[in-house]
Amino acid sequence: MKKFWPWLRLVLAAGILLALGLRLGTGAFVDGLRAIDAFSVAAALAIGLVTTVLSAGRWVLVARRLGLTLTLRTAVGDYYRAQLVNAVLPAGVLGDVHRAVNHGRESGDVGRGVRAVFFERFAGQMVLIGIGLAVLLTHPAPGLGLAPDPTTAALVLAGLVVAVVAGWRVKPVRRALVTTLADGIRLLSLKIWPAVVALSAAAVAGYVALFLVAARAAGSDATITQLAPVVVLALLIMAIPVNIGGFGPREAFLAVAFGAAGLGAQHGFTTGIVYGVLALIAALPGAVVLFLSRRAKTEKGGVVAERLGQTREQELALAR
């Protein structure tokens with residue numbers, strides 16, 4: 001199943017997009033591309049810069065707390081590159097995997113480098129979920145009847161507990177859990193987590209702003225109050241690992257949500273297409289980072305510095 005799952009995800013995402021195209025017509029795709037103008041491109045690049053700096057700052061705080069060296073300038077460049085790779089390659093996480101391993105190698109501790117990225121992304125998702133719950137409690141998604149379900153939350157939590165208990169019986173898993181837990185406890189300091197939460201919340205605000213730009217470009221005249229719960233849910237839906245460059249479940253959800261709210265299913269679908277394109281545009285500075293990093297590695301012969309006492313090894317540039 002592990003062998004076929006990556007291909008299955010692509011097939012499922014393609015099936016979702018095909019079904020939406022047949023149901024709503026291919027005009028929604030064309031409308032989405034036509035809706036993108038100079039203002040929306042400029043807004044995407046500006047918002048992308050802000051959210052990338054905020055997210056990179058969160059990564060710097062987490063990495064330094066775990067004892068790793070990371071400057072904000074390096075973090076911003078690596079984050080831009082990761083976002084671009086996430087946007088253009090299947091799975092949507094390969095860019096994060098690369099920056100985690102690459103930073104770990106440069107710091108001399110791959111395991112801790114991976115855990116730093118894990119905790120940084122985990123913190124962002126937890127803040128997003130918290131904001132989502134708050135928004136749904138105060139402004140339930142119109143027409144969808146969506147609100148936090150304590151029973152479902154309890155079942156999910158119980159499932160996680162069972163998984164952890166089962167994994168504890170496997171020695172390698174137990175060792176990894178202990179190490180991860182130890183690092184997680186270090187991040188609970190009042191010196192770090194309030195700033196991480198604040199940066200994450202600000203980044204979420206940026207993602208919501210980009211969605212609002214996409215909705216306006218797609219021709220929707222819905223108010224922010226109407227769009228807020230739908231947008232937050234769409235951001236959560238985007239975490240589902242079944243997509244092609246981010247496209248798939250997001251568009252399906254927006255079509256259903258906009259239709260249920262009386263905003264027009266086609267407007268929802270077009271909004272998803274516009275958002276996907278704008279998100280890719282926002283990540284385009286990552287192409288510059290890829291080019292510069294490849295050039296730097298070429299000039300250095302592709303040699304990556306290792307920790308003192310370790311042998312130096314050859315690493316192919318990601319762009320190759």
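This is a predicted model: local features need pLDDT of at least 70, side-chain atom pairs count only at pLDDT 80 or more; totals for chains, interfaces and linings use all residues.
Trainee: At what angle do the axes of α10 and α11 cross?

Mentor: Helix α10 covers residues 224-237 and helix α11 residues 249-260; their axes come within 9 Å and cross at roughly 155°. Angles over 145 degrees count as roughly antiparallel, and α10 and α11 are therefore roughly antiparallel to each other.

Trainee: Is the crossing of α10 and α11 right-handed or left-handed?

Mentor: The α10 and α11 crossing is right-handed.

Trainee: How do α3 and α9 cross?

Mentor: The axes of α3 (residues 38-65) and α9 (residues 193-217) come within 9 Å, with a crossing angle of roughly 165°. That makes this pair, α3 and α9, roughly antiparallel. The crossing of α3 with α9 is left-handed.

Trainee: Which residues of α3 and α9 meet?

Mentor: The α3 side includes Ala 43, Ile 47, Leu 54 and Leu 61, and the α9 side includes Leu 199, Ala 203, Gly 206 and Leu 210. By class, the contact of α3 with α9 has 15 nonpolar, six polar and one charged residues.

Trainee: What about the protein as a whole, how many helices and strands are there?

Mentor: The protein has 13 helices and two strands. Of its 320 residues, 41% count as buried. The accessible surface of the protein is about 16800 Å², and 70% of that belongs to carbon and sulfur atoms.

Methods: Residues are numbered from 1 along each chain as its sequence is written. Side-chain values use heavy atoms; hydrogens and water are left out. Axes are lines fitted to C-alpha atoms, for helices over the stretch in contact, and angles run from 0 to 180 degrees between N-to-C directions. Helices (H or I, at least four residues) and strands (E, at least two) are DSSP runs, numbered from the N terminus. Angles under 35 degrees count as roughly parallel, over 145 as roughly antiparallel, 65 to 115 as roughly perpendicular and the rest as oblique. A crossing is left-handed if the near helix is turned anticlockwise from the far one by less than a right angle, and right-handed if clockwise. Buried means under 20% relative accessible area, exposed over 50%, partly exposed in between (1.4 Å probe, protein chains only). Accessible areas come from the Shrake-Rupley method with a 1.4 Å probe; for residues, only the protein chains shown count as cover. Contact means heavy atoms within 4.5 Å. Ala, Val, Leu, Ile, Met, Phe, Trp, Tyr, Cys and Pro count as nonpolar, Asp, Glu, Lys and Arg as charged, and the others, Gly among them, as polar.
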